[in-house]
Every structure is written in structure tokens, then in C-alpha cells.
Amino acid sequence: MTSFLSDPVVQGYLEASMRLAMPIMLAALGGILAERAGVLNIALDGTMLAGSFVGFVITYLTGNLWLGVIAGMLAGALVGAVLALYAVLIGSNQVVVGVAINLLIVGATSFLYRTIFGVGTAQPRVTSFAPLELTALSDIPLIGPLLFHQAPIVYLGLALVPIVWIAMTRTSFGWQVAAVGEHPEAAETLGISVMRTRFICLLISGLLAGLGGAFLSLSATGIFIDNMTAGRGYIALAILVLGRRHPLGVFVAAILFGAADALQLRGQNLDIGLPYQAFLMFPYILTILVLILFAGKARNPAALGIPFHRDRPK
Amino acid sequence: MTVLDTTTKNTAAAYSAFRPLLQGILPSTAAFLLALAAGAILIVFWGGNPVTAYAALADGAFGSWNSIAETLLRSIPLTFTGLAVAIAFRGGAFNVGAEGQLYIGGTAAAVVALWLPALPSYLLLPLMIAAAMGAGALWAGLAGMLKLRFGASELITTIMLTYVAIYLVSYLLRGPLQEAAGYLPQTDRLPSGARFASLITSTRLHMGFLVTLATVALTQFLLWRTVWGYRLRVTGINARAAMAAGMAVGGLSMSAFLTSGALAGLAGVMEVVGVQHRMIENLSPGFGYTGIIVALLGQTSPFGVLIAALLFAGLQVGATTMEAAAGVPATLTVIIQALVVLFLIGRPAIGQIARALRRS
């Protein structure tokens, strides 16, 4: 068993699983806050794309990876703020705003990329994060390569799982978020500002989705390409359903998706008679299957998707 | 009760949010002009002159008979995807996957033409159109079934099915359906019977434009002058009320998905029989996504959709000229299109800010 697990192919597979899980896990972790507070964050995909693009540009210009990561997170927070402006302050339909924001960012990143880098043939690149090996721990079979032979953002992401967990279940902020998402009128009566809580949740959601996006360009690839999230923000929404909006659940669900994604990447190189497109479809079909199995069972926060107006009776 | 999940409630809420907008075209026009102004700022940032750029854009869109014909040609798929999203929206569903249904529809039409090449045009074209509508309806109906049966949000499933559709089509065009020469991911040129006659000589505008106008009139009629349209709209506004009134909400919701998919499939067949004359891998530069914005700008009314589609068609066609003449990347149009919606739905903010100012 140990020899199987220390096989380089298996180790590479486990590493890849985590690498592919990380962006959707980060976006989904932020999505927990947004949805628990009662706001559907359809804009996760665009938020990731913004983080991915801004992170890449800043690192390209400064040569500093961490500056890029921070800029990507801030870009994500900015998108979160725009969403909050509409979904919280104006009380617009959250789905319409989210979809419009996603389309806007696809166009904006594509336009700005051409503005900054021109339309030359050479693909601009940055040197992506090198794996940071925690030597003693990375030799542990199975969880060694999965957890401890990874780029620094992965450790950051893993640390965020218990942090979000504790924040949601053990702090007054977490309880306020839950109150706002379940019964905003009652929360408001108790002196909790529904709008402020939702605004903060969307900002944090933006920060985390931006981090997930920056991971794509700065850690997983070192390049930016048009629409590079390829629907990962929507997959993150399905991860939220599968993980029941719980940080641990989201973590496990994201790893499952990462493992499936890594499997399709490996599968494309195997000659087993299936066209490569069948493998490319796999994560999307898996997402649909997950929804078939779990969407009906999930219990949504009672106020999910419903705009709140303080001075207006329901 | 699965119909009454959050997205249904949402789209119903969205509809009522859009109701005030239905009065007059002023807000849509204002939003469009604001978005153009924002685009001008981006052109300056890019390092260009917005006046020359927009002049090139207008010239490319409406400057000659040929450019007008190109704009009308481009409005065909945008009208169909816009109608697709609008009909779904009216029935309480958010179809963000018209892009995938378009691809499936276009492919189905091409398969029919390759299978029955000897058929005369008057038989082949209707068959291709029927195949495209059927295939598009099937693809959207899958999402509808997943929503009604399993409570899976169509927001996610239609997007996921779009990726599946595009990879499926890619496989077919690189495998069983690939041209005999075997170079490009496309089918062989379709038989001459599988073509629309041109509408204005020496331009690419084809008879499909008349089909488009007829479909707009037909959907307008169906929505506002038939029992089905009435029930569909009631379901979209308030599914609970519709249910209480004894309407078969599930069936109505499903019919919204099917009609929506059929319309998106029509967008695909129009591109195949009218423009490409074969099925190709990059049939659509995002018509399905632009259709969402067309539907919203057109305030989910078929005539509004037509006007919005013409506007965006001009924008897209003109942008190509703008890129060639002034160098400004044509992707600017994607930004302008999305900003139109954000400005449109941001309208209540003006009132809120005014109220806040008065209070302080």
C-alpha cells in the first residue's frame, strides 16, 4: 500500500487534484458567506476572472507574485462591492446582476489584456509560484503530496477552511450572518444591519474568489487567457450545494472535483478509445450529476436571493 | 413544489423589477447612451480618439447598403437568442445556456442536410429548421427536466450543458462529421438546397431575416394573445398564484424551456443555412450570451428584443470596422453590452441617491 502511494504517478495525481481543487474551493468558501447572508453570488465566475487578470498584470509589471495575489484579491473585492451595490443597496435581482457582471468582466479583461499586452504572438508569462515543500510532512503517504507539496497559496487556502468554519460557527459575526440570511427582519429588529452584514459578506466573498482567480494565473499556469475560469465560478456554486454551505463540506466537495478534474487531464493522455472531448466534458457532467443528487436535499437559507429593504414592509 | 425554488422566485421578482421599465423605451435608450459614454472613456484609456473610433463604428454599421445588410444579417442570431432568453424569463426560468442550444441546433440542421442532400430546397430547409428547433428544445428541455424533477438550478445546469454541447460538437466536427478533406473542424459544404436565397442582391443578407421578423411577430402574438402566453406570464410572475389558480405550473415551466431551446436552435440553423453553409466549430461568437443582454435590454418583449438585437448587431458589425480603422479592440462591444444592462438595472439608484440627499 505504501509503495503504491509513494509511486510518482500517484503522487503527481494527488498534487494535481489539490491544485485543481483550490480555485473552486476558494471561490466556494467565499460563496458560503454570501449565500449564508442571503445573497446569491452568481458573479463568482467573473470575480475569479477579474482576480486572475489583475493578479497576472500586477505580477507581470512588478515581478512580485505576492503583490499580484493581493491585487487580484482587491480586484475581487471591488467586483464584490459592485455586486453589493446592486444586490444589497439597490435591491436588484441578484441573478440578473450576477450574469451581467460576469459578461462585463469577460469583455473587460479581454479588452484590457489587448490594451496592455497588444495583440502580438508571444504569450506574456510570469514565473508562477514554486511548490513550498514542508519536508518532514510531504513524505507522509497520501496526504503528503495532497497537502504538503504545494504552492504557498494552497496552504493559505487550507488555513482558510478552519478560519471560515470558526468565523461562521463561533463568532458573533457568524451568527449575525446566519440571522441575516434566515430572517432579515428579525435580525434588523435585534439591531443587526442587514445591509452592512451582506455588504461585508460580499466583500469577503470577492476577496476569496479573487484569490482563487489569482491562483489560476499565478500559481497553476503563469499565464492569462481569455475567459480562463471556463465556468469554474458556476462549478463553485454547485460545490456550495454539495458541501451544504459548510466549510468542511465545501473542502471535501472541492477535493472531489479536483480529483475528477485531474483524472480527466490524465485520461486524455491514455489511449482507451474515448475521444479527448469526452474527458473535457467530465467536470461539467459531474457538476450536473451532483446537482441531480443533492440539489433537492439542500436546505437553502430562508432569505436566499430575496432583496431586503429596511423601510419597506415585505 | 420544486418549481418554487429560489431561482423561480428570483426571476419572478426580476420580472416585477422590470415592470416599471416596460413603460417606454427611455430608460433603455439612456442606458445605451451611458454605456457608449463609458466605452468612450475606455477608448481614451486605450490611447485612441473616441470620436474617430465611434465614427468608424457608425460607418461600419450603417455607412453603406452593404454595411446595413451586414448589420441586419448579424441581428438574425441575436434576435433568436434574445427571444430564447426572453421567453424563458417570462416563464420564470433563466436560460443562460442559449449558446449551447445554438450549437446543438446548428449541428442537427447540418446532419439533416448531409443525410438528405438530394432533397429540394422547399423540403430540406423546413426539415433542417425543424431538426434545429427540436435539438435545441431537447438540450434546454434537459435543463428544464433537471430543474423540475431534481430542483437543480437552471443557472448552473444550462451553463454546464453549454460546455458539454461545445465539446460534443467539437468531437463530431473532428470525428464522424468532419469534412472529407479532413483538415478543419467543420463539415463538408452543405448541398445548395440547404441555403436561403439572398434578400438583397450582392449582399449576404438572406431570406432568414424575413423568418426572423415573422418569429418576432409570432412570439409577440403567443405571449400576449393566447391562453398559453397568459399562463406562462402568470407562472413567471408568481408561480404560487398560478398554481393556486389551477394552472399546470410544471408543464408551463417545461414549455418555457422547450420554446426557449427551440428559438436558440433557430439561431444556430440561421447561421448554418444563411452564413456559413456548413457547420463549423466556432459557429457563434457568444450569440447565446449576448442574447441574455438583448432580452434584458428589450425588456423581455419580442419587439423590444428585435430593436435591441438590431442595436447590438450594429455595434458588433461596426466594431470590426472600428478595430480595422482605429485599432480599438472589438471586444470593447462586449463591455458596452454588459454595461447597458448594469446601467439599466441601476436606475433605481438615482431615485435612492436623490432621496438620501434630501434626507441629509
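With 17 C-beta neighbours inside 10 Å, Leu158(A) counts as partly exposed, because a residue is buried if 20 or more other C-beta atoms lie within 10 Å of its own, exposed if 12 or fewer, and partly exposed in between, with C-beta atoms placed from the backbone. The model is predicted, so to speak of local features takes pLDDT of at least 70, side-chain atom pairs count only at pLDDT 80 or more, and totals for chains, interfaces and linings use all residues. Residues are numbered from 1 along each chain as its sequence is written, while chains are lettered from A and ligands numbered from 1 in the order in which they are written.

**Two residues to start with**

- Leu158(A) sits in helix α8 (residues 152-170) of chain A; helices here are DSSP runs of H or I with at least four residues, strands are runs of E with at least two, and both are numbered from the N terminus.
- Phe251(A) is 93 residues away from Leu158(A) along the chain, yet their C-alpha atoms are separated by 8.5 Å.
- Over in chain B, Asp59(B) belongs to helix α3 (residues 50-62).
- Asp59(B) also counts as partly exposed, with 15 C-beta neighbours inside 10 Å.
- Between the C-alpha atoms of Asp59(B) and Gly250(B) there are 48 Å, and the two are 191 residues apart along the chain.

**Chain A as a whole**

- Chain A has 14 helices and 2 strands.
- Its radius of gyration is 20 Å, close to the 20 Å that the globule rule gives for 314 residues, so chain A is as compact as a globular protein of that length; the radius is taken over C-alpha atoms, and the rule is 2.2 Å times the number of residues to the power 0.38.
- Along the principal axes, the C-alpha atoms of chain A fill a box of roughly 60 × 50 × 40 Å.
- Of the 314 residues in chain A, 55% are buried.
- Take the contacts in chain A with a separation of 6 or more: 77% of them are between residues 24 or more positions apart, where a contact means C-beta atoms, placed from the backbone, within 7 Å.

**Chain B as a whole**

- Chain B has 15 helices and 0 strands.
- For chain B the radius of gyration is 21 Å, close to the 21 Å from the globule rule for 360 residues, so this chain is as compact as a globular protein of that length.
- The box filled by the C-alpha atoms of chain B is roughly 70 × 60 × 35 Å along the principal axes.
- Buried residues account for 58% of the 360 in chain B.
- Among contacts in chain B with a separation of 6 or more, 78% join residues 24 or more positions apart.

**Where the chains meet**

- Chain A brings 39 residues to the contact and chain B brings 48.
- On the side of chain A that touches chain B, two or more residues each come from α4 (65-90), α5 (94-117), α12 and α14 of chain A.
- α5(A) gives the largest share of that side, 15 residues.
- By class, that side has 26 nonpolar, 12 polar and 1 charged residues; Ala, Val, Leu, Ile, Met, Phe, Trp, Tyr, Cys and Pro count as nonpolar, Asp, Glu, Lys and Arg as charged, and the others, Gly among them, as polar.

**Two covered helices**

- Helix α12 (residues 232-242) of chain A is mostly covered, with 11 of its 11 residues buried.
- Those buried residues pack against α2 (8-36), α3 (44-62), α13 (247-269) and α14 (276-294) of chain A, together with α7 (154-174) of chain B.
- Just past α12(A) comes Arg244(A), with a positive phi of about 50°.
- In chain B, helix α12 (residues 287-297) is mostly covered too: 11 of its 11 residues are buried.
- The buried residues of α12(B) include Phe287(B), Tyr289(B) and Leu297(B).
- Gln299(B) follows α12(B) and has a positive phi, near 50°.

**A helix pair in chain B**

- The axes of α4 (residues 65-90) and α8 (residues 208-225) of chain B come within 9 Å and cross at roughly 20°; axes are lines fitted to C-alpha atoms, for helices over the stretch in contact, and angles run from 0 to 180 degrees between N-to-C directions.
- α4(B) and α8(B) are therefore roughly parallel to each other, as angles under 35 degrees count as roughly parallel, over 145 as roughly antiparallel, 65 to 115 as roughly perpendicular and the rest as oblique.
- Residues making this contact include Leu72(B) and Phe80(B) of α4(B) and Phe209(B) and Val216(B) of α8(B).
- The contact of α4(B) with α8(B) divides into 8 nonpolar, 5 polar and 1 charged residues.
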